[in-house]
Amino acid sequence: MNNFQVVITDCDHENIDIENNIFEQSQITYSLQNCKTEQDVIENGKGAAVFLNQYAPITDKVMEQLPELKLVIRYGVGVNNIDMEAATKHGVQVCNVPDYGMHEVADHALALMLALTRKITVMNEQVKNGGWNYQLSIPVFRHSEQTVGIIGLGRIGTAFAHKVHALGCKVVAYDLNRSESRKKNTPDFVEMIDFESLLAISDVISIHCPLETAKNLIDAAAMEKMKSTAYLINVSRGGIINEADLHQFLKDKRIAGAALDVFQEEPVGNDSPLLEHANFLCTPHMAWYSEQSAQELKRKVAEEAVRFIANEQVKYPVNQL
């Protein structure tokens, strides 16, 4: 049994200076671990009431064997590495930080969209290799005459909607979670449509929904309904797009291109067939990142832990106890 109130199960950030300063000010004891498996978490988490968690699995077995655990706070938005049903069963509050990097993620999706639709990377490569022929970029379409489809209209999806609307694009959306608050916050310029219609009419489809409700949502059957000139972007979670199906559709030129910041297995392997395609862009799960968002994430995670230990109401609950 340890004497730490907080255990940071795992964190691949350069340092935890921000967390350390906040915990020191509140006289909270903590330890930093490098857990990768549920057994690592069990062995290193004994006695702690609060976990700060990045990727380590928080399973039913973990919570069963650590009865002192009362709160898990994720470094990020998604909670797919946490057994939410088990957390509720064991009385463990789960929190995330849904608003720390929403503009960074939306900006990244926009950057990927523009790089694809304006053929930036393909033309850059051509010029660097001695070419000078814009005709190799054909076709390129005017953005103000394009329809952008957004899957998931939460904070990030809504931020992205505002950005593409500024380009003059028509914006349509399909939302798996049409809560009253989301309905109230939907911009007037966004047309809500069904999933099948979004696939059929969109020139660009950008994914902004959690894996928990959308695993394998974009598979061969979905891509079959897309335009052959359409682009697909995912800055949300790997596993929403079926990567084997995406490879086949890119290979057969049945869609115009795709860009992923997230993959089913990360880091993506050098042998992934997706990397073969000139019309495929990828980045290393970095859409969330800016210097400011990284600091904001660390601060908000630590502050949530302080609130809980002080018997105050948490700000970002995911499950209802």
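Reader: Which residues does Val318 touch, not counting residues up to four places away in sequence?
Author: The model is predicted: local features need pLDDT of at least 70, side-chain atom pairs count only at pLDDT 80 or more, and totals for chains, interfaces and linings use all residues. Residues are numbered from 1 along each chain, and side-chain values use heavy atoms, with hydrogens and water left out. A touch is a contact (heavy atoms within 4.5 Å). By that test Val318 touches Val79, Met84, Gln93, Val94, Cys95 and Asn96.

Reader: Where is the place of Val318?
Author: Start from the helix, a DSSP run of H or I with at least four residues; strands are E runs of at least two, and both are numbered from the N terminus. Helix α12 covers residues 291–309. The place of Val318 is in the segment after α12.

Reader: How many Å apart in space are Val318 and Arg307?
Author: Arg307 is one of the buried residues of α12. In sequence, Val318 and Arg307 are 11 residues apart. From C-alpha to C-alpha, the gap in space is 16 Å.

Reader: α12 is followed by which residue with a positive phi?
Author: α12 has 19 residues and reaches 28 Å from its first C-alpha to its last. The residue asked for follows that helix, and its phi is near 60°. It is Asn311.

Reader: How many salt bridges does the structure hold?
Author: A salt bridge needs a side-chain nitrogen of Lys or Arg within 4 Å of a carboxyl oxygen of Asp or Glu. The pair Glu145 and Arg142 is one, at 3.4 Å from N to O. The structure holds 15.

Reader: Are Glu145 and Arg142 buried or exposed?
Author: The side chains of these two residues meet in a salt bridge. Glu145 and Arg142 fall in one class. That class is exposed.

Reader: What is the relative accessible area of Asp252?
Author: Asp252 and Arg254 join their side chains in a salt bridge of 3.2 Å, N to O. Arg254 is partly exposed, because its relative accessible area is 30%. Asp252 is partly exposed as well, and its value is 37%.

Reader: Why are Glu296 and Lys300 separated by about one helical turn?
Author: Their side chains meet in a salt bridge at 2.7 Å, N to O. An α-helix has 3.6 residues a turn, so residues three or four places apart point the same way. Glu296 and Lys300 are about one turn apart because both sit in α12 with a spacing of 4 residues.

Reader: Which residues do salt bridges that share partners join into one network with Lys300?
Author: Lys300 counts as buried, because its relative accessibility is 11%. Glu296 meets Lys300 in a salt bridge. Shared partners join Lys300 into one network with Glu296 and Asp99.

Conventions
The expected span of a helix is 1.5 Å times one less than its number of residues. Buried means under 20% relative accessible area, exposed over 50%, partly exposed in between (1.4 Å probe, protein chains only).
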